[in-house]
Every structure is written in C-alpha cells, then in structure tokens.
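Me: Can you walk me through this one? I have it open and would like to know what I am looking at.

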Amino acid sequence: MRIATHRFIGAALAFGLGAPLALPAPVAACGGFFCGQQPVDQQAERILFSVDEEAGTTDMIVQIAYEGDADDFAWVVPLGQAPLDGSLDAAFPQGALTALDANTAPRLFPNGGCFLEETDATAGPPRNGDDDGVTVLIREVVGPYDVAVIESDDPDALVAWLRDNEFRVTEAMAPYIAEYTLDPSADFKFLALRLTSEAGTKDISPFRMTLPGTAPVVPLKMTALAAEPEMGIVVFILGTQRYEPANWEDLEVPDEYVKWDFERWQSNWPEAVARVIDESVREDGVPGFVTEMATPTDTYLNLLMNTTPADEDQAAAVEALLEVMEGQAYITRLYARLSAEEMLSDPMFRRSAGEDVERWREVNLPEDMDCGGDGTAAEDASGPCDFIACGALGTCAETVVDGERVAACACAAGATARTTFGPRGEVTVACQDQRMSFLNPGDVELPGATPLPDPCLGVDCGFGTCVPMNMTPTCACDRGFVAIGSVTDGVRSTRCVEPAAPVPPSFYAATVLPERPANLPAGRAVDLPDPPSLAGAGGCSAAAGASGMAGLLPFALLGLARRRRR
Amino acid sequence: MGTQLRRGALVAVLAFVGCGDGVDGELVLVLGQGETAYAELDDGTELPLVAGPQGGHHVWIAMRAEGLSAPGAELLVDAFPRGAADPPRRLPVRTRFALLPDGSWERVGWPAEIPDALCTVDTEVMVRVTLRQGGREAVDERVVVPQGGPGIGACMR
C-alpha cells in the first residue's frame, strides 16, 4: 500500500488529507519572515480566516494538501452561504501559509535543569441557474480549479449533479452531504473543486473565498470520511481582537504535560496538545482547540515590511501576507489534533475577552535531573510515551524493539491501531474507532465500479487481527498487546507485540467506544467483545441505558452490552 | 447571585435517581446573552444576528448555572418563532461550564442557531435552552428579537 495515494483518499476529502506538507524550504539567503526554522506540524491542515466586521464578511484561505492522481482529486466543502461574487481565488501562495505557520508556532525551550537558554535562531465556463433540482450559484475556473457552488433540498440531486459534472463523489460522501442538506438550521451550499483538464496536482494551491458572516467555522464533519488519526488542524484568525472556540472548548496544556527531548532538542508539544484534547473528549465528550498564540499583529507587520525576499516566491508570500494582515489588529493561532471519531461538529470561533497568549513557553525540567552528560539527562526529562499520541481510544505502553525502548499503543475494544505519520513526519501509530471506515472490502466506491478488494489479505498483525480501515490495513491487537508501526518502501505496516509492562486492566475497563450521534453516519457496524468486569471501574450501565440521553455519558459504559452499532 | 439565578430559572427537574453524579441538589439554569462576557437577558431584548460563514445564523447567548457537579454537561438549544408550535428538538451537544468564584457555573458565547434567520429579523423568537447533567435537567427560555446588520441579507420569502 502506497502512502496516501489510494483513490479513496484522493476522492473523499473535505479538506486535504494527510499528505506530507512542505516544511519551510531552506534558502540560501534568509530574510526576516523566512528565517524561522521553528518546527511545525508537517501533517496539519492550515486555515486562515480574516474577519472584516465592518463589511460583515470573512476571508477563508484553506491549504489543500493532496497526493494522488489528478483525475481523482475532489474537494467538497459545505457552506452556509455562497461566497461573494468574484471572491474565489487560487493565487494565495502556499509559501505564505507555510511562513505564517513557522513564524507563529509555539516556541518551547527547556528551563533550568542542565540548560538555561534556547540556542535556536529566530525565527469550466461560468454557468448559473437551475439544473435538475440543483441551483448552480457559481461555476467558474479559478486558477487550476474547476469550481462549482451549488445548492439543493435534495441530497440525491446534489450528488447526481456533482457526478454528472465529473466532480468525484464517493458513496461514502453521500450520507454527509445529506446531513448538511437536510439540516434545518441553514440552507447549506456546497463548494466543489476539481482540477481542470490542463492542471496537474503540482498546480494545487490554497483556495481563498470571501464569505458573508463574521463567525469563522471550520467545516470539519466531512473530514471524518478519510482523516488520518490525530490529524493536526491549525487555524489562524485575523480580526479586531482575540478569538476562541465557541462551541468547542478552549483548552490549555498543563505545564507538566510538556516534556523535552534532549537528543532531538525538541519538545513534545503536539503530543501534549493531543493528550489534552483526547482527555477532554474522553471526560466530557467535548473536543477543543489550544490557543497557541494570540497577539497584536504589529510585530508581524513590522517583520514582514522589513523582510528582504530571497526570490520571487518569497516576495509573493510577503505581498500576500501583508495584504491579508494589514488593517487587522490581532492574530490568534489555534491548534488541534483530532481523529475521525472526534469530528462530531463543525467548530465555530467567537471573539474572546481573553488576554494575549505568548508563543514562548518554558519546559520545566525535573529539579533533580542528572546532568552528567552521559545520556541520562534525556531519560530523566522524557520517555518514549511522551512523544506519541495514541488517541482518545488508546493509551501508550512501552515495548522493546532491537534493544531500544519504543512507544506503542494499546487500543480499546472496537478500536484498531493504524500506522500513520506524526507531526514531525515520523512514523507513528494511533488508535482509531473501527466504525470510522467508510470504504470497506466489497464496497463499490462509485456507481458501476468494481467491488473493492480486501487490503488485509496476506497481512500479519502478530498478536492481533487485521482490520481494513478506509482500504488501509490496520491491526486490532489482542487484549494486553500493543501496536507499533513501520514504513518500508512506502508500505505501512502495523504489528501487535508484547509490551514491556502489562497494560493496566483499568484502561480496557474504562475506555469504550462512545455512542455515535444519530445524525452522523458511521462507516460500518462493530461487534464489541463481551464486557470486562466492572468491579472497581465505577460502572452503572443500567442507569446509563435508562437515561435515554444519547451522548450524556459518551465515553462511559455505553458499549457494555454486546451489540451491533452503526 | 444565587437569588438571581433562581429567579430566572423556569424549570428544574430531578429526572431520576440512578447512575447520576451523586449530586441531589436542584439544577438551575439562567439564560443570558454575550459573546465575550455574561450579561442578563430580558424578554424582548434585541440581539444582533451573526452569520457564520459556513453555518447559518445565530445570536450569542450565555448561561449561568447552579447545581452542576462537574464542568461537563449536555445542552439542547432550540429557537423558534414565538407562538409557533415547538419545533423538533435539536440534537443535544456536549459542552463545559467554567466554575466561578462563588461556586456557580458560567458558559459564555454559545451560538444559538436561528432557523430561517433572515425572516426573523425584528420578530419575536423564543430561545429555549435545556441543560442536563447526571439525570437532572433545567430549562430556561427568553424571547429575543433578532436584528440585521453588516453581512446579514434580507428575507427572500
């Protein structure tokens, strides 16, 4: 299996998917805004909002990451309202988003212990009208994209129109389109992009549009269709003041979660963010974002204006950032790492009365840390499990591979371990809800297509069973065993192995699949094993079942009876 | 504050005793307004409609509560023309309240979606919020009058 090149991955995305993104490219000459070498989440989606309260509009610039064949590319986004006429644009440089990311990312440095200071440096033809029950609001070619904005009360008509016009819509996408189409709270429109016949995947660029309204929203629910586990999402919001999540939580990372790796000279910040969000989902069923930075824009504007671009690409990036940032007083940067099962709603953002948030953070080191210089400092400061995010349905346990301690994931019943790429581009593994597979062996991806094969054929999970997830083999480890991942010649593989120390039984007792909201589709049913003993686990399944309130106890006790779920 | 909270609450119901959170006290909810801070909300208050770029229109509401045993709770937020038959209830969502120094709880800046919003401008809309936790439930409601503004279109009916 090649990485991120399966047709489903290419076809079903709502935002770009899991394709490795370019780090800030090394340049011979370094000028101002492009000097930063701050590590960023290489796998994250990046979305920039610029709110214009006077005009009552919001510019939305979305990075589109994609690997695959040009013919398979499709990008479908639900919108409450159609973009303003003439606002569609594909000229915002990727380099601008990348540079903004690198210059606003949290900067962490160890404090105390053996090190006192950080040593890092700075920084188609237009058409309008009704067509078979579908209203075509916009149809135009924008850069490399053939763009359509359409609406209909009939989800089947929408899907048929998109397919008739060669926008790739898989069977898995149809229920989500129906969910938005039939939502009584708004007349949702759909923005659909495909590459023009002259364009190739190398031409894919961020897409920009101006939308009515001043409350930014990330249309995330459809992303669940093909999201990699623990997918990073970075949201930048330019406006008059700080912004924070409205219907999601504004989460903070406790100091004690942040560790320092002296060998790689970096922190575990992305994993700490993932841990905070996973805990919030597990405890209260509420996902959230961490505000990584919130500050007036003047520093960035000065930096941009004092930047000497090294080439035309940098000059274009500076120009684009100045254009979007000038006139905006404040910038907020928010970060989340989410798996498909956590994408239960579309996060909306509101103005905040909160204070500025500095991007500088200290990592507190143990006071009694050994500073002998023999490598023990690294062990004292952090362990392998500090640098992995197993997801809300998993927990980390160490194992030993070739004599080295490595991090592995134990997954709850109903979850499976999937090899993926971490925020630094490293191979990692995470637990994923088995219900979130929307394309399965035997399914027909598009009408008339051949049934899909079983990607698990010939796959050996070791102490576990292969489970196909969106046509990728994953491993559901036997209870007590843990998963590790590897990639060889572009092929991902997952293995279930014995942990160095037993996985606490309390993990399996306390971690169960949450009830899936009735309005959101799941890809398939999952047979759950017989419930573990609840002695000491604080269970009360009878009352939970009696409440009849779906989601009230989303991560507790709802999967105890043997049942099939959809 | 406690007196104010109780005055505003319409309903507080102990639904059942079972696998709850061990708290037997009354759950009290007071519906307020505010995107960034809580403010009282009287019946008939004019509230600006806000267009979410991808999510219809809403007004910002805020809530204060007493009797919560933990931050996490479940909300159902309904909005419908005053005098209309109660609409089909929206699905519950999970959220978290912040604990105030006096022991009460607060949630600020919640988007109460207004169906068919553009046609409700300058009309009376009932906003009803149901708070649930541990088998207990509290309901509060207010009549608000949505207002147009920048970026808010006109009713096309």
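**A hairpin, a sheet and the confidence**

Reply: Start at A:Arg418, which stands opposite A:Ala430 in β22(A). This is a predicted model, in which local features need pLDDT of at least 70, side-chain atom pairs count only at pLDDT 80 or more, and totals for chains, interfaces and linings use all residues. Residues are numbered from 1 along each chain as its sequence is written, chains are lettered from A and ligands numbered from 1 in the order in which they are written, and side-chain values use heavy atoms, with hydrogens and water left out.

Me: How many bridges join β21(A) to β22(A)?

Reply: There are 7, and the two strands run antiparallel. Strands pair if DSSP finds at least two bridges between them. β21(A) and β22(A) form a hairpin with 5 residues between them, and A:Gly425 in that turn has a positive phi of about 85°.

Me: Is β22(A) mostly covered or uncovered?

Reply: Mostly covered: 6 of its 7 residues, 427-433, are buried. Buried means under 20% relative accessible area with a 1.4 Å probe, counting protein chains only. In chain A, buried residues make up 60% of the 566 residues.

Me: How many helices and strands does chain A have?

Reply: 10 helices and 26 strands. Both are DSSP runs numbered from the N terminus: helices are H or I with at least four residues, strands are E with at least two.

Me: What order do the strands of the open sheet take?

Reply: The order of the 7 strands is β9-β2-β1-β10-β16-β15-β12 in chain A, with mixed pairing. β9 and β12 of chain A stand at the edges with a single partner strand each, so one side of each has no neighbour in the sheet. The twist averages 25° from one strand to the next.

Me: And β15 with β16, in which sense do they pair?

Reply: Antiparallel, over 6 bridges. A:Met293 has A:Arg333 in β16(A) as its bridge partner. Helix α2 of chain A, residues 94-104, lies across several strands, including β15 and β16, and runs at about 90° to β16(A). Axes are lines fitted to C-alpha atoms, for helices over the stretch in contact (heavy atoms within 4.5 Å), and angles run from 0 to 180 degrees between N-to-C directions.

Me: What is the mean pLDDT of chain A?

Reply: The mean is 80, and 79% of the residues reach 70 or more. pLDDT is the predictor's confidence in each residue, from 0 to 100. Over residues 531-566 of chain A the pLDDT is below 50, and this stretch has 81 contacts in the model beyond near neighbours in sequence.

Notes:
Buried means under 20% relative accessible area, exposed over 50%, partly exposed in between (1.4 Å probe, protein chains only).
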